[in-house]
Amino acid sequence: MVFASITFLYYFLPMFLILYFIVPKKYKNIILLIFSIIFYFYGEPKYILLMLIEVLFSYYMTLYIEKNKSKILLGVTISFHIFLFCVFKYLNFLITNINSIFSGNIPLLNIVLPIGISFYTFQIISYEVDVYKGKINASKSLINYMTYVFLFPQLIAGPIVRYESVNKELKRRNFSFESFSYGVNRFIIGLFKKVVIANNIGELCNILTSSNEVSVLLYWILGISYMLQIYFDFSGYSDIAIGIGRMIGFKFPENFNYPYIAISVTDFWRRWHMTLSSWFRDYVYIPLGGNKVSSLKHIRNILVVWGLTGLWHGASWNFIIWGLYFGIILIVEKYFLKNILDKLPKIIRNIYTLFIVMISFIIFSSDNINSAFVVIKGLFSFGSLDFSNDFIIYYVRSYVVILISGLVLSTPLIKNIISKLKENKILNYIINFLEVIVIVLIIIVITSMLIDSSYNPFLYFRF
């Protein structure tokens, strides 16, 4: 089930919230779990059993792990999850590459990637490791643990929520109108990012990639559009998840912090998909030795983490190259560029970062490496290609409002202006009143767009 859909907005979510708030506190997790299972079953009915098996296996094995402090049991348990994860996500990729290298004819398996497997697998593993290390106690309630894994607001595409961050809230959640109101606002903002910004820019990306009337300007607009679509699609999803969580008493971790104002690639990854970055830091990078090793091993650790980060995103060479690309850039920044970058004006550092990130998302968004190379080459094809033509001018004019809106809203400019104005009591009352009107108008616009549009994917569903 997609959040940005009429089914979710006007049927599933209202029914859930009504039942959730009318039942006594001791039954709220049961209602949340039932609706979370229905939510997953609606989108992936044939793999609900797989997820139930993984959750039950994890629950009982972790109780034994906590009792016996057995590293062997921990290794067996984690290996089980990784095995299933790799079978569903990478087996066909492996077969395809074996066939390509050895001119083989091994048939591909009829395997469909289970929705959200990349996210819930990481959540389960983090729970098991944290119990083994004594950071948290194993859940004695199967219902609470199942609720944690199945939690529908963040089940499909994150943020990656660790058990320790919601442990107390799974047992007891306090309701307040202020928190609920904040959750509604955050939810609507996420929908706006997704439906109004990401979907429209995604349509522009499809138009440009399918055109034969190429120009240098087309490739630059396409690169910028990829950046905006991916950011608003994924951060919109995270806002929706965080918003629903706040409505029902959970405080999920933030996943984005205006990454496009970053002044280095290192800074960018402190702001982009923060729950994934911190997961790899804590469960891969630090166990490998982190930066408390020799320079050579440190470089190895960075490349391993970023190779795995790319592979996590998808079973394709362009994702692996995308991850290693960032790993190499981060190594270069740390060992060679840091002192130089620190001396440059922030605007230059930001432009440098945005260019590096744009190239990365061209690789990320392309169907294959050859397609990515065509776009990257096109950015610099001055002389061999026209700089502009009537085709790209027409579509820039058609999408100029949405592109400028995306560029502005990807920065904290509007947020900072509103916060400054709210320091005045009279303006604060006026803005609070206007916010209600704006929220209602956004809901109307989103609803009409969802009814009229057939283009409504969440990009991170495929991960």
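Me: What makes the pair Asp 239 and Arg 186 a salt bridge?
Reply: Keep in mind that this is a predicted model. The side chains of Asp 239 and Arg 186 meet at 2.8 Å, N to O. A salt bridge needs a side-chain nitrogen of Lys or Arg within 4 Å of a carboxyl oxygen of Asp or Glu, so the pair gets the name.

Me: Which parts of the chain does that pair link?
Reply: Distant ones: Asp 239 sits in helix 10 and Arg 186 in helix 9, 53 residues apart. The structure holds 14 salt bridges.

Me: Why are helix 4 and helix 13 called roughly perpendicular?
Reply: Their axes cross at roughly 70° and come within 10 Å. Angles of 65 to 115 degrees count as roughly perpendicular, so helix 4 and helix 13 carry that label.

Me: Which residues make the contact between helix 4 and helix 13?
Reply: Helix 4 brings Phe 85, Lys 89 and Tyr 90, while helix 13 brings Leu 311, Trp 312 and His 313. By class, that contact has four nonpolar residues, one polar and one charged. Lys counts as charged, so Lys 89 is the charged one.

Me: On to the pockets. What is the volume of the largest pocket, and what lies nearest its centre?
Reply: The volume is about 1,200 Å³. Its lining has 32 residues, and Ile 189, Tyr 258, Ile 414, Lys 415 and Ile 418 lie nearest the centre. Two or more lining residues come from each of helix 9, helix 10, helix 17, helix 18 and helix 19. Helix 9 gives the largest share, seven residues.

Me: How do the residues lining the largest pocket divide by class?
Reply: There are 17 nonpolar, eight polar and seven charged residues in that lining. Ile counts as nonpolar and Lys as charged, so Ile 189 falls in the nonpolar group and Lys 415 in the charged one.

Me: And what about the second largest pocket: what is its volume, and which residues are closest to its centre?
Reply: Its volume is about 830 Å³. Of its 26 lining residues, Thr 266, Trp 269, Arg 270, Tyr 285 and Leu 330 are closest to the centre.

Methods: Residues numbered from 1 in each chain as written. Predicted model: local features only at pLDDT ≥ 70, side-chain atom pairs only at ≥ 80, totals over all residues. Heavy atoms only, no water. 1 Å grid on protein atoms, 1.4 Å probe; cavity = no way out; pocket = protein on both sides within 12 Å on 5 of 7 lines; lining within 4 Å. Points joined across faces, edges and corners; volume = space filled by probe spheres on them. Helix = DSSP H or I, 4+ residues; strand = E, 2+ residues; numbered from the N terminus. Axes fitted to C-alpha atoms, helices over the stretch in contact; angles between N-to-C directions. Parallel < 35°, antiparallel > 145°, perpendicular 65-115°, else oblique. Contact = heavy atoms within 4.5 Å.
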